[in-house]
Amino acid sequence: MKRRLFLASSIAAALGGCAPIGTALNDNPGFHHLLGLEGALDAAILGNSAGLARQYSVADISPHFPIDSLPTPTSSTYEALLANGFRSYALAISGAVERPMRIPLARLAGMAQQTQITRHDCVEGWSAIGAWTGVPLRDVLRLAMPHRDARYVVFRCMDRDDQGTPYYESLDMAQAYHPQTLLALQLNGRPIRPDHGAPVRLRVPTQLGYKSAKWVAEIQVVGSFAHLYGGKGGYWEDQGYEWYAGI
Amino acid sequence: MRYSSIVQRLVYRYALLTRLAHWFGAIAVAVLISSGLQIFNAAPYLDAADRSTPARRVLSIGSPADGVGQLTLFGHTFTTTGFLGWGSDGVGGETARAFPGWLTIPAYQDLADGRRWHLFFAWVASLAWLAWLVSSAIKGNLAEMVLRPSDLPKLLPMQAYYLRLRREPPPHGTYNPLQKAAYTFVLFVLAPLIVLTGLALSPGIDAIAHPLTVLFGGRQFARLWHFLGMLLFVGFALVHIFQVATQGFFNQMRSMISGWYRLRDHESVGP
């Protein structure tokens with residue numbers, strides 16, 4: 001009986017010890033960094049895969065598409081854009097490009113449009129299917145002509161968290177030129193609603209939802225994103241999420 | 001004389017690689033379960049559908065009000081305050097949270113770090129499994145562990161022995177028929193299914209292998225199977241630990257640490 005009690009308490013201690021030991025290791029910078037190397041491995045294996053996200057039919061579209069982001073921008077700039085129906089909006093393209101430019105919304109809408117019915121996979125675990133219509137990012141990049149040594153495309157957005165930190169995201173050139181990476185203007189046949197990222201939202205169906213930045217104001221082509229904010233290449237990346245979000 | 005007969009019945013049962021794979025695998029699985037619960041907490045529900053579909057919700061854990069935790073399973077709601085839905089926040093207090101802090105890595109709610117642990121130890125567990133499989137296959141040790149049709153009639157007599165309805169177990173080799181059934185199921189059915197359903201959750205994997213996600217019914221369905229696989233694995237682990245604890249604990253532990261196992265009266269060396 002004593003032995004069974006000893007065994008039972010050993011097992012209970014082993015189980016109970018799991019979370020505190022794990023938490024202590026999690027707070028150890030060296031171990032935390034070691035765990036993060038797995039993300040780099042995923043990026044090396046899958047990061048530039050040419051695989052296409054699965055296309056669905058109209059019948060598969062989610063009746064309700066969740067909103068799970070920073071709040072819709074409330075800045076005076078965004079209010080003014082909203083007030084005139086985004087007629088004064090222009091997407092800025094800057095950085096390491098031959099031709100920096102501003103593309104008005106009407107011109108984006110006049111370019112060749114792609115519609116994709118794809119699944120949006122949130123890192124939290126939920127997913128939703130929507131029909132996104134817009135301009136493939138590569139068509140826009142070809143207009144601006146990135147320099148040969150350009151490595152990343154950074155998306156600067158109009159939303160901010162409660163600390164005032166703006167949202168931003170980044171893709172490498174292969175991901176940016178992926179045929180399904182889209183600057184979406186419409187969701188399910190209507191202009192994107194303000195809370196879904198109006199007027200222009202990035203859509204990256206081959207990666208988790210936090211890559212699909214809402215309220216894109218500017219596209220910046222860069223050689224490195226180390227100097228931006230937390231240096232990890234995105235708002236959520238700066239908070240510990242993997243830069244390559246395909247897993 | 002008696003001493004020598006005992007010595008003769010010590011057999012070197014587990015090769016170094018098998019023992020390493022066992023312990024690396026055991027630690028990795030423990031981490032995978034608790035970091036998986038951490039990840040589950042970010043969206044504490046499971047839908048039997050491709051995309052999230054509340055109408056096809058199989059399980060959800062929530063907190064309808066402060067201080068109240070609830071589990072809803074197939075539409076039936078159970079109060080689980082203090083454990084599921086409302087419990088330890090991992091930093092000394094209580095909060096609305098599906099699985100409590102003492103079950104998750106890290107203890108506090110942190111999806112990003114939970115994912116780091118989970119994805120790192122998924123490699124550890126997979127590589128431990130692969131190393132064990134390759135070395136066992138090369139050495140020809142798999143045959144004594146895999147369940148064969150000839151073992152099937154021995155399953156019930158073996159269970160009868162465990163239930164003390166039978167004095168002697170049916171004759172068997174290194175592993176008894178129930179052990180073979182359990183190990184074959186866990187190592188060759190459950191473990192691969194858990195890995196595949198986990199991969200099917202990833203948009204990057206889905207983009208290069210649609211059939212995998214389709215096979216499991218889509219992403220949310222794969223999440224449901226992944227969770228069920230975890231529950232089955234927990235069930236196996238509980239029985240496994242109980243058996244180790246009751247079927248000669250020190251002999252069992254020594255054999256998985258040093259490799260040497262002392263045969264009991266009814267056991268033989270070969271299959």
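Analyst: Chain A splits into domain 1 (1–46) and domain 2 (53–239), with bounds that come from an automatic or database domain assignment. The C-alpha centres of these two domains of chain A are 37 Å apart.

A bit of housekeeping: this is a predicted model, where local features need pLDDT of at least 70, side-chain atom pairs count only at pLDDT 80 or more, and totals for chains, interfaces and linings use all residues. Residues are numbered from 1 along each chain as its sequence is written, chains are lettered from A and ligands numbered from 1 in the order in which they are written, and side-chain values use heavy atoms, leaving out hydrogens and water.

Now the rings. Those of Phe, Tyr and Trp (its six-membered ring) pair if their centres lie within 6.5 Å; planes under 30 degrees apart are stacked, over 60 edge-to-face, and the rest tilted. By that rule there are 25 aromatic pairs over all chains. Take A:Tyr152 and A:Trp243: their ring centres are 5.8 Å apart and the planes meet at 85°, so this pair is edge-to-face. A:Tyr152 belongs to strand S5 (residues 152–160) of chain A, while A:Trp243 is in the segment after strand S10 (216–222) of chain A, so the pair ties together parts 91 residues apart in sequence. (Helices, H or I with at least four residues, and strands, E with at least two, are DSSP runs numbered from the N terminus.) A:Tyr152 and A:Trp243 are both buried, where buried means under 20% relative accessible area, exposed over 50%, and partly exposed in between, with a 1.4 Å probe and protein chains only.

Chain B has a pair of this kind too: B:Tyr183 and B:Phe236 have ring centres 6.3 Å apart and planes at 75°, so they count as edge-to-face. B:Tyr183 is buried at 16% relative accessibility, and B:Phe236 is buried at 18%.

Back in chain A, one aromatic cluster is made up of A:Tyr167, A:Tyr210, A:Tyr235, A:Trp236 and A:Tyr241.

A charge sits over a ring if NZ of Lys or CZ of Arg is within 6 Å of the ring centre and within 35 degrees of the ring normal. B:Arg13 does that with B:Tyr261, its charged end 3.8 Å from the ring centre, and B:Arg13 also lies over the face of B:Tyr175, at 5.7 Å from the centre.

A:Tyr229, in the segment after S10 of chain A, has a positive phi near 45° despite not being glycine; its relative accessible area of 44% makes A:Tyr229 partly exposed. B:Phe74 has a positive phi near 50°, again in a residue other than glycine, and is found in the loop between strand S4 (70–73) and strand S5 (76–79) of chain B. At 60% relative accessible area, B:Phe74 is exposed.
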